[in-house]
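User: Hello! I am new to this structure and would like to learn how to read it. Could you walk me through it, feature by feature?

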Amino acid sequence: MQSTEETDVVRVQSVSRIAANEHITSPPGLRNLRILHFLVGEFNPVSADGVHKTMYNLGRHQAGMGHQVAIFGISRQPAITMPGVEVRSFMPAPMHLRISNELRQAILDWQPDVVHMHSSFTPENAVLARWLRRQDIPYVETTHGNMSSYVVRRRWYLKLPFKHL
């Protein structure tokens, strides 16, 4: 077992390598994962949006470590390609409280080990999370600052349903 100090050194070295754009591989003995990133909206890594840049960098580095990575988004815009990562765009369902059957089937066909949802307070994320639980597909969510007290208070009445998920 590594001490806390040794673990911190490994983390700092990893962050330094990522910052230097070095190629990083998975530690020996760990299997590569099928990681599916999901967002509502067009995936555009050249936008000023930090969510898109985060997804781009995560996907790029995860693929560089040998993981299979896909980015699925709900958007009327065509998918933007990304080397080493499958990027797909799906039309929105007629109602915000649904995800399309095409998207559901694509997720099942892709067989992710984990789904990484980006952002909070989107009805589609809530619906997808519920569906993923029923399919026994693990998921995580990165809030990207949406849980700051300012954001939570702003238009709080629209966020009330999410407290019950």
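Analyst: Happy to, and let us begin with confidence. This is a predicted model, and within the chain the confidence is lowest in α1, with a mean of 39, and highest in α3, with a mean of 96. Taken over the chain, the mean pLDDT is 76, and 63% of the residues reach 70 or more.

User: Over which residues does pLDDT stay under 50, and how many contacts beyond four places in sequence does the model have there?

Analyst: The general idea comes first: where pLDDT is low, the predicted coordinates should not be read in detail. Here, residues 1–21 stay under 50, and the model has 9 contacts beyond four places in sequence for them.

User: How many helices and strands does the chain have, and what pattern do they follow along the sequence?

Analyst: There are 6 helices and 5 strands. Reading along the sequence gives α-β-α-β-β-α-β-α-β-α-α.

User: Next, the surface and the interior. What share of the residues counts as buried?

Analyst: Of the chain's 165 residues, 35% count as buried. The accessible surface comes to about 10,500 Å², and carbon and sulfur atoms account for 55% of that area.

User: Which residues touch the most other members of the largest nonpolar core?

Analyst: As a general idea, nonpolar side chains in soluble globular proteins tend to be buried together. In this chain the largest nonpolar core has 19 residues, and those touching the most other members are F38, F72, L103, I107 and L128. At least two residues of this core come from each of β1, β2 (68–74), α3, β4 and α4. Helix α4 gives the most, with 5 residues. Apart from this core lies another, of 9 residues, including M55, I71, M82 and V87.

User: Now to charges. Which side chains meet in a salt bridge?

Analyst: The count comes to 1 salt bridge. D113 and R31 form it through their side chains, at 3.3 Å from N to O. This pair links distant parts of the chain, 82 residues apart: D113 is in the loop between α3 (101–110) and β4 (114–118), while R31 is in the loop between α1 (4–19) and β1 (34–40).

User: Are these two partners exposed or partly exposed?

Analyst: R31 is exposed, because its relative accessible area is 55% and the cut-off for exposed is over 50%. D113 counts as partly exposed, at 25%.

User: And R104: where is it found, and how far away is the nearest side chain of opposite charge?

Analyst: R104 is found in helix α3. It is buried yet has no salt bridge, and the nearest side chain of opposite charge, E102, is 11 Å away. Beyond its neighbours within four places in sequence, R104 is in contact with I99, V127 and W131.

How values were computed
Residues are numbered from 1 along each chain as its sequence is written. This is a predicted model: local features need pLDDT of at least 70, side-chain atom pairs count only at pLDDT 80 or more; totals for chains, interfaces and linings use all residues. Side-chain values use heavy atoms; hydrogens and water are left out. A salt bridge is a side-chain nitrogen of Lys or Arg within 4 Å of a carboxyl oxygen of Asp or Glu. Helices (H or I, at least four residues) and strands (E, at least two) are DSSP runs, numbered from the N terminus. Buried means under 20% relative accessible area, exposed over 50%, partly exposed in between (1.4 Å probe, protein chains only). Accessible areas come from the Shrake-Rupley method with a 1.4 Å probe; for residues, only the protein chains shown count as cover. A nonpolar core is a set of buried Ala, Val, Leu, Ile, Met, Phe, Trp, Tyr and Cys residues joined through side-chain atoms within 4.5 Å. Lys and Arg count as positive and Asp and Glu as negative; His and the chain ends are not counted. Contact means heavy atoms within 4.5 Å. pLDDT is the predictor's confidence in each residue, from 0 to 100.
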